[in-house]
Each structure stands twice: as C-alpha cells, then as structure tokens.
Amino acid sequence: MWLTGRLVPDHKTIADFRKDNGTAIRRVCARFIALCRTMGLLTQANVAIDGSKFKAVNNRDKNFTRAKMDRRMAQIEESVARYLQQLDTADRQEPSEALKTKTSRLKEKIEKLKEEMQRLEILKVKMLATPDQQISLTDPDSRSMATSGRGSGVVGYNVQVAVDTAHHLIVTHEVTNVGTDRSQLAHVAKETKATLEVESLDVVADRGYFSSEEILACEKTGITVTLPKPMTSNSKAEGRFGKQDFRYVAEEDVYMCPAGERLAYHYTTEENGLVLRRYWTNACQSCAIKHNCTTGKERRITRWEHEHILEAVQRRLDEHPEKMRQRRETVEHPFGTIKARMGATHFLMKTLPRVAAEMALHVLAYNLTRVMNIMGTQPLLAAMRA
C-alpha cells in the first residue's frame, strides 16, 4: 500500500473486470479443478451433491407469479371500491374547503390505482407468455423459489454444487433458475464424472433429488447414487402398512403381503412416461388385518419396470446410514463459507450468464483458500508454476 501510494482499483474497475471477463473466469475456475486433480487432491471419486438458493438483485415486489398478480389486482379493486364509497359519502355532506381537499385527494388515489391496474394488465400478458408464467422486472432471469422456512421464499437462483467428500473442494457447480432439485441430479453427476475423468462415481444427495428417471440415468452411466426416498403415501401416516412392508419375490414376480398372501401381477400401464406393473390379490375381503392395510376393496401395489434400481438405492442407504451425515458435513461447508463471504448473501449481477460468472469467481476463491489451508501457499504456487 505504501509503495503504490494507497493506489487501489476503483469499485467500478473491479465490477467491469468481472462483467467483461465472465467466460475467462469460468475457464480459470474449471482449470483450477484440473490442477487440483494433478496435485492428487481429487483421487477419490466420492461427491455430495446439493443445491442452495441465492437471492438475486430483484425485490420480491418486482417479481410476479400468476397467483401474486391476481392477489395484487384484487387488492387494487378493493381499494378503488373503498375510495369510491368514501367519495359517495363525501357527496352527501355539506360542501367545505376540507371536504374539497379530501375529495381531490381521493380522486388522485383512484387515478393512481387505475394506472397501476393498467400497468399490471400489460405485465400479465407478458407473464402469461413465459413458459413458467412468471416475470421478474429487475433481473429477468431470476425466479421466485420456495425455501425450507415457511414463508421465506426468495427471488433468486438455485446453485447446484458437487463437493469432494475428502477435501470439501467444489468439483462442479452450476447456476440454474429452476426452483427444485428434482431434475438436477443426473446432469450435475455426469458433469462431475467428466471433470474427474473417472469410470465410476459415488454420489450422495438428499431426498429433494429423488426422481426415478434421474436415478436410472445415473445408473446407465456408471454413477452409484445414495439418497433417501421421500414418503409420498399417506398410508404410513394414517397407521396403515406402507409399500416397504410388502416383500417382492423376483423369481415368482409376486409381492408377499404382511398377512402372508401373494399379490400376483395383473396388467401393465404407463403413467407420466413410466411403465408400471400392477399387483393385487382377491383375498383382501376376508383378511383379518385389512383395516391395517387399505380402505379400498383390495390393496394394489405398483411396481416400476426399473424398480430394482430404486431397491438397490434403498439397500445402500440401509447399509450405510452414515452417508447422510457425511453429505451434510460435506456440502453445507462450502455453501456456509461462500454465503458468509458474500456478506448480504445475494448476487450483485443480473441475468443468468453474468450471475454464473459471479458464482464462478466465488467458487474459485473458495477452492483457492481451501487448497491453501490443506497444503500451504508455497506448494500451491509451485504447482501452478509447474
């Protein structure tokens, strides 16, 4: 600082550098991971995948979904009706200067609300033309997303990361504006496998990633997935037997129920692109524990054509329950560090490509400091020069 006479880059210089060099920043981020691999820091093909919501430069009031738009229009109509009623009341009163002022103020409010309604009508047309029927005015690529806390949704981006379980280095990251993680697993896992240049990869994720098609896509490319299955049926919650209480006998293609009856295969159907097989037995009507099983005529079990893959995932989870703890310890670390460094925990740039460049800079900074903490600054500099 003394040698340069306290000369430092202006904030605009730094902002322009980040804005103008997005592609190069992303390449450096990827190149550093390749360097980590040559240094022997990414020898284990084990990663944890997770997503986290980051706030965008877009106020919640500047984001509209269909429900939010309808709610806002209804509020304006109520306000206009209330002001018109007040004007009617004022017309029946004795004229005075105070009443005249009040009347003109009410007319101004009504006029402003009508202008706002016209603006919302134009916005609604644009919003309904978008694929997800949502519009953001400040950052057009940002989207309204639900978070774990009730009523704590954010308008922002969903950042996906794959973190190495040994050294907690971010191997792959991607910024998306899709609010859920369900469709992200296979893509992020394949990118990670390609980055690590391995034949097989072990991935652990949370229940938000559970999707039959995504798990199948991973299995086909040599990626072993471990994640819990979300409980979507009400049977267990209402005290009845769940599907997991029925045992599948592959040799005979039947299910054995808790009462010892055999549920035979009856027909195949297709739902949402999935080929499903249906099983049931006619012995349910005379079963002594039917009330613990179903409220219908008989209990029916549905089996996906690739159900054995999902059963293997559940088996891995039962054999290694500690993997869920490992996932938390691995993937929450980088997100916590990056958000703490960001301070206000939101992106400063707008639109998806620029936000992706900003995230690449955060990931690069995180990985650099992580490697410095693991092996020291001098060995890292030597490896870079080499």
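**Entry 1**

I began with Glu-307, which is buried at a relative accessible area of 8%. (Buried means under 20% relative accessible area, exposed over 50%, and partly exposed in between, with a 1.4 Å probe and protein chains only.) I am working on a predicted model, where local features need pLDDT of at least 70, side-chain atom pairs count only at pLDDT 80 or more, and totals for chains, interfaces and linings use all residues. Residues are numbered from 1 along each chain as its sequence is written, and side-chain values use heavy atoms, with hydrogens and water left out.

Which residue forms a salt bridge with Glu-307? I found Lys-243, with the closest N and O atoms 3.1 Å apart. (A salt bridge is a side-chain nitrogen of Lys or Arg within 4 Å of a carboxyl oxygen of Asp or Glu.) Glu-307 lies in helix 7 (residues 307–319), and Lys-243 lies in the loop between strand 8 (223–226) and strand 9 (247–249), so the pair ties together parts 64 residues apart in sequence. (Helices are DSSP runs of H or I with at least four residues, strands are runs of E with at least two, and both are numbered from the N terminus.) Lys-243 is partly exposed, at 28% relative accessibility.

**Entry 2: other salt bridges**

Next I looked up Glu-311. Its side chain meets that of Arg-303 in a salt bridge, at 2.8 Å from N to O. Is Arg-303 buried or exposed? I noted Arg-303 as buried, at 7% relative accessibility. Glu-311 is partly exposed, at 28%.

I then turned to Arg-119. It forms a salt bridge with Glu-116, at 3.1 Å from N to O. Both residues sit in helix 4 (residues 97–128), 3 residues apart, which is about one turn of the helix. Arg-119 is partly exposed, at 36% relative accessibility.

I also found a network of salt bridges that links Asp-50, Asp-206 and Arg-327. The structure holds 15 salt bridges.

**Entry 3: the whole chain**

I listed 10 helices and 13 strands. Buried residues make up 38% of the 386 in the chain.

What is the radius of gyration of the chain? I read 29 Å, whereas a compact globule of 386 residues would have one near 21 Å. (The radius is taken over C-alpha atoms, and the globule rule is 2.2 Å times the number of residues to the power 0.38.) The C-alpha atoms fill a box of roughly 90 × 80 × 30 Å along the principal axes.

Last, I checked contacts (heavy atoms within 4.5 Å). Among those between residues at least 6 apart in sequence, 66% join residues at least 24 apart.
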